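Have a go at each task before you read its solution.

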Amino acid sequence: MIVDSSVWIDYFNGVDGLETELLDKNLYRGDVELLDIILTEVLQGFKRNRDFQIAKTLLTKLHIYDVLGKEIAIQSAENFRMLGKQGITIRKNYRCNYCDILY
């Protein structure tokens, strides 16, 4: 099962709902996997370093499918967080160099 970043964000924020309950049950069964781009989107939202490190440790125990590469995904999240702490807001994460599609 691959879960969208919005569900992960709700899950880490303690939001109760059908999606977060389903995620929790499938995590317990070991049936959840990640895309590295979802890893980036989820990790970049953590404000506190401690929470970021805990989430990174837990999420990287899951099987992660490479779209970007796990190291690039984590570094992108760290860069996003660092820039945010400096008051710089990044509006989009990825731009295709060959087209106008934003990811």
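**Exercise 1.** Find how H1 and H2 pack, and name the residues that make the contact.

*Solution.* Start with the axes, which are lines fitted to C-alpha atoms over the stretch in contact, with angles from 0 to 180 degrees between N-to-C directions. In this predicted model, the axes of H1 and H2 are 9 Å apart and meet at an angle of about 85 degrees. H1 is therefore roughly perpendicular to H2, a label for angles of 65 to 115 degrees. Next, list the contacts (heavy atoms within 4.5 Å): H1 brings Val7, Trp8, Asp10 and Tyr11, while H2 brings Glu19, Thr20, Leu23, Asp24 and Leu27. Finally, sort these residues: five are nonpolar, one is polar and three are charged.

**Exercise 2.** Is Ser5 buried or exposed?

*Solution.* First place the residue: Ser5 belongs to helix H1, residues 5–12. Its relative accessible area is 10%, so Ser5 is buried (under 20%, with a 1.4 Å probe and protein chains only). Then look at its partners: beyond neighbours within four places in sequence, Ser5 touches Ile38, Glu41 and Val42.

**Exercise 3.** Which helix has the highest mean pLDDT, and where is the pLDDT below 50?

*Solution.* pLDDT is the predictor's confidence in each residue, from 0 to 100. Residues 94–103 are below 50. Where pLDDT is low, the predicted coordinates should not be read in detail.

**Notes.** Residues are numbered from 1 along each chain as its sequence is written. In this predicted model, local features need pLDDT of at least 70, side-chain atom pairs count only at pLDDT 80 or more, totals for chains, interfaces and linings use all residues, and side-chain values use heavy atoms, leaving out hydrogens and water.

Definitions and conventions: Helices (H or I, at least four residues) and strands (E, at least two) are DSSP runs, numbered from the N terminus. Buried means under 20% relative accessible area, exposed over 50%, partly exposed in between (1.4 Å probe, protein chains only). Angles under 35 degrees count as roughly parallel, over 145 as roughly antiparallel, 65 to 115 as roughly perpendicular and the rest as oblique. Ala, Val, Leu, Ile, Met, Phe, Trp, Tyr, Cys and Pro count as nonpolar, Asp, Glu, Lys and Arg as charged, and the others, Gly among them, as polar.
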